Amino acid sequence: DAKSTAMYTAAPGNLEFVQYDLSQPPNAPPVRRVRREGVIRCLHGSADGSSFAVGSGSAEGEAIVIYRPDGDSFKEVTRIEKLPMMLQKIRLSADGRAVYTQEAQSLRKWDISGLKAKEIKRPRGVDAVAVWDLSGDGRRLAILTGTGFTVWDITGPDPRPVGKLDGLNF
């Protein structure tokens with residue numbers, strides 16, 4: 001099955017994203033593709049390839065769309081529209097039930113079933129969030145801080161530091 005060995009691409013200004021089976025020879029046709037209205041700003045697939053979160057913008061505003069593979073295309077399963085700001089980054093939780101987004105300096109967790117957002121409080125001492133990522137289970141947040149990364153547990157009401165990797169030279 002292609003979902004276990006797939007690559008997902010979205011070129012800036014391109015109105016579609018495609019899935020390739022990397023076990024096929026180079027230049028093989030995509031397994032599936034979908035066209036989008038507006039510009040694809042960010043894209044992330046779940047670890048098991050069962051869901052994809054696409055952040056896009058159009059004249060109507062910013063939106064998050066969740067897709068699932070469906071034959072040679074993708075089926076839209078959830079849409080969150082009229083977001084307050086342009087999306088800069090998107091991450092889908094391992095189970096596909098939550099989406100994490102960055103708009104300007106805000107990090108948000110969106111519950112897909114209820115379509116509600118919860119702002120993730122910026123950890124104390126972190127003025128700006130530019131480089132970040134989530135653990136596979138969505139319980140920890142790593143933020144680039146100075147010359148390293150600080151890892152925070154974000155399961156409670158306030159982020160709690162759980163580790164730090166410092167002294168990196170970029």
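Predicted model: local features only at pLDDT ≥ 70, side-chain atom pairs only at ≥ 80, totals over all residues.

Me: Why is Ser 51 called buried?

Reply: The word goes with a relative accessible area under 20%. Ser 51 has 1%, so it counts as buried.

Me: What is Ser 51 in contact with, leaving aside its neighbours within four places in sequence?

Reply: Its partners are His 44, Gly 45, Ser 46, Ile 66, Tyr 67, Arg 68 and Leu 92.

Me: Okay, now charges. How do you know that Glu 62 and Arg 41 form a salt bridge?

Reply: A side-chain nitrogen of Lys or Arg has to be within 4 Å of a carboxyl oxygen of Asp or Glu. For Glu 62 and Arg 41 the N to O distance is 2.9 Å, so the pair passes. Glu 62 belongs to strand 6 and Arg 41 to strand 4, so the bridge ties together parts 21 residues apart in sequence.

Me: Are those two residues buried, or partly exposed?

Reply: One of each! Glu 62 is buried at 10% relative accessible area.

Me: Which residue forms a salt bridge with Arg 91?

Reply: That's Asp 133, with the closest N and O atoms 3.0 Å apart. This pair links distant parts of the chain, as Arg 91 is in strand 8 and Asp 133 in strand 12, 42 residues apart. Arg 91 has 18% relative accessibility, which is under 20%, so it is called buried. Asp 133 has 33% and counts as partly exposed.

Me: How many salt bridges are there in the whole structure?

Reply: A search finds five. Among them is the one between Arg 160 and Asp 153, at 3.1 Å between the closest N and O atoms. Glu 76, Arg 79 and Glu 81 are also linked in a network of salt bridges.

Me: On to the strands. What makes strand 6 and strand 7 a pair?

Reply: Two strands pair if there are at least two bridges between them. Strand 6 (residues 61-70) and strand 7 (residues 73-83) have nine, so they qualify, and they run antiparallel. Within that pairing, Glu 62 stands opposite Leu 83. The hairpin has two residues between the strands, and Gly 71 takes a positive phi near 65 degrees there.

Me: Why are strand 8 and strand 11 called edge strands?

Reply: They belong to an open sheet of four strands in the order 8-9-10-11, with antiparallel pairing. Strand 8 (87-92) and strand 11 (116-120) each have a single partner strand, so one side of each has no neighbour in the sheet. The twist from one strand to the next averages 25 degrees.

Me: Which residue stands opposite Arg 108 in strand 11?

Reply: Glu 119 does. Strand 10 (residues 106-111) and strand 11 are joined by five bridges.

Me: And how many helices and strands does the chain have?

Reply: Zero helices and 15 strands.

Methods: Residues numbered from 1 in each chain as written. Heavy atoms only, no water. Axes fitted to C-alpha atoms, helices over the stretch in contact; angles between N-to-C directions. Buried < 20%, exposed > 50% of the residue type's maximum accessible area, 1.4 Å probe, protein only. Contact = heavy atoms within 4.5 Å.
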